[in-house]
Amino acid sequence: MAGPPGRGPAGSPAVGASPAETSAAGPATAAPAPARILVVDDDPTVAEVVAGYLDRAGYRVDRAGDGPAALARAAAYRPDLVVLDLMLPGMDGLEVCRRMRGRGPVPVIMLTARGDEDDRVLGLEVGADDYVTKPFSPRELVLRVESVLRRTRPAPAPRPPSAAGLTADPAARRATKDGVELSLTLREFDLLVFFLRNPGRAFAREELMREVWGWDFGDLSTVTVHVRRLRGKVEDDPARPRLIQTVWGVGYRFDPAGREAD
């Protein structure tokens, strides 16, 4: 819902209103790893307010006042996101966006004083990830920046599970013991990953078949055989297993401490 004239949502000052209506606000939540944002606007007041809010939100901010300067800054500093005004002197924001995207992927949020739907569609077609019409709330823009970065920045890969000198990397399908690579079959690898991710808990053979094999029914001796084979590759003494222990009347438990089973 739109706020009163000259104000953005939640009572924050609207960028694009008169300078007298613009005031600072409290800091937004800082990003865990500060991203570099390039703000491109030929209006010094708008650029200053936007850059200030992004800076207080924990981002590293660069500024440019026209298209050629924006392209030069982007080439030099490789921003994680660009806040780009559509109406720039000499080279408009659409052309700047085209050229930036021609060099490589970079998220872009377009700013414009126009509210025409054709302009919004054209901006999205040339590669903009979001579109904000002036006057706008700086707080809302910060939230949009955070949202676009969440969508476009790759999530950090989870650390491969490891314990007791064993490591299993599901992405590489590679397992090691004390740094030495293990030769595991597909199911042996999946079973090891499951045990590493669930240490200390006893699992029935039915549970292991469901969680590792994806079967709701089948010959449970399959689990027994694979556990025996896996022990032969990860235990120091497979005849007296300490890592993959038998829990009588239940099934199996992975004990990273390698304590002797009861």
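**Figure 1. Overview of the predicted chain.** The secondary structure of the chain comprises eight helices and twelve strands, where helices (H or I, at least four residues) and strands (E, at least two) are DSSP runs numbered from the N terminus. The model is predicted, and local features therefore need pLDDT of at least 70, side-chain atom pairs count only at pLDDT 80 or more, and totals for chains, interfaces and linings use all residues. Residues are numbered from 1 along each chain as its sequence is written, and side-chain values use heavy atoms, with hydrogens and water left out. Of the 262 residues in the chain, 41% are buried; buried means under 20% relative accessible area, exposed over 50%, and partly exposed in between (1.4 Å probe, protein chains only). The chain exposes about 14100 Å², of which carbon and sulfur atoms supply 51%; accessible areas come from the Shrake-Rupley method with a 1.4 Å probe, and for residues only the protein chains shown count as cover. Among contacts (heavy atoms within 4.5 Å) between residues at least 6 apart in sequence, 56% join residues at least 24 apart.

Figure 2. Strand β12 (residues 251-254) and β10 pair in the antiparallel sense over three bridges, and Ala 202 stands opposite Arg 253 in β12.

Figure 3. The side chains of Glu 188 and Lys 233 meet in a salt bridge (2.7 Å, N to O). This pair links distant parts of the chain, with Glu 188 in helix α6 (residues 186-197) and Lys 233 in helix α8, 45 residues apart. Glu 188 counts as buried because its relative accessibility is 1%, whereas Lys 233, at 32%, counts as partly exposed. A salt bridge is a side-chain nitrogen of Lys or Arg within 4 Å of a carboxyl oxygen of Asp or Glu.

**Figure 4. Further salt bridges.** The structure holds 16 salt bridges. One of them joins the side chains of Glu 181 and Arg 174 (3.1 Å, N to O). Glu 181 is partly exposed, with a relative accessible area of 48%, and Arg 174, at 40% relative accessibility, also counts as partly exposed. Arg 210 forms a salt bridge with Glu 211, their closest N and O atoms being 4.0 Å apart. Arg 210 is partly exposed at 38% relative accessibility, and Glu 211 is partly exposed with a relative accessible area of 48%. Arg 36, Asp 62 and Arg 73 are linked in a network of salt bridges.

**Figure 5. Surroundings of Asp 80.** Asp 80 lies in the loop between α2 (67-77) and β3 (81-85). With a relative accessibility of 26%, Asp 80 counts as partly exposed. Not counting residues up to four places away in sequence, Asp 80 touches Ala 35, Arg 36, Val 106, Pro 107, Leu 149 and Arg 153. The C-alpha atoms of Asp 80 and Val 106 are 6.4 Å apart in space, and the two residues are 26 residues apart in sequence.

**Figure 6. Asp 130 and its polar contact.** Asp 130 is placed in strand β5 (residues 130-133). Asp 130 counts as buried because its relative accessibility is 18%. Its side chain makes a polar contact with the side chain of Arg 144 (2.9 Å). A polar contact is a pair of N or O atoms within 3.5 Å; within protein, one must be able to donate a hydrogen and the other to accept it, and residues adjacent in sequence count only if both atoms are side-chain atoms.

**Figure 7. Tyr 53 in helix α1.** Tyr 53 belongs to helix α1 (residues 44-56). At 6% relative accessibility, Tyr 53 is classed as buried. The C-alpha atoms of Tyr 53 and Leu 141 are separated by 8.9 Å, although these residues are 88 residues apart along the chain.

Terms used: Pairing = 2+ DSSP bridges.
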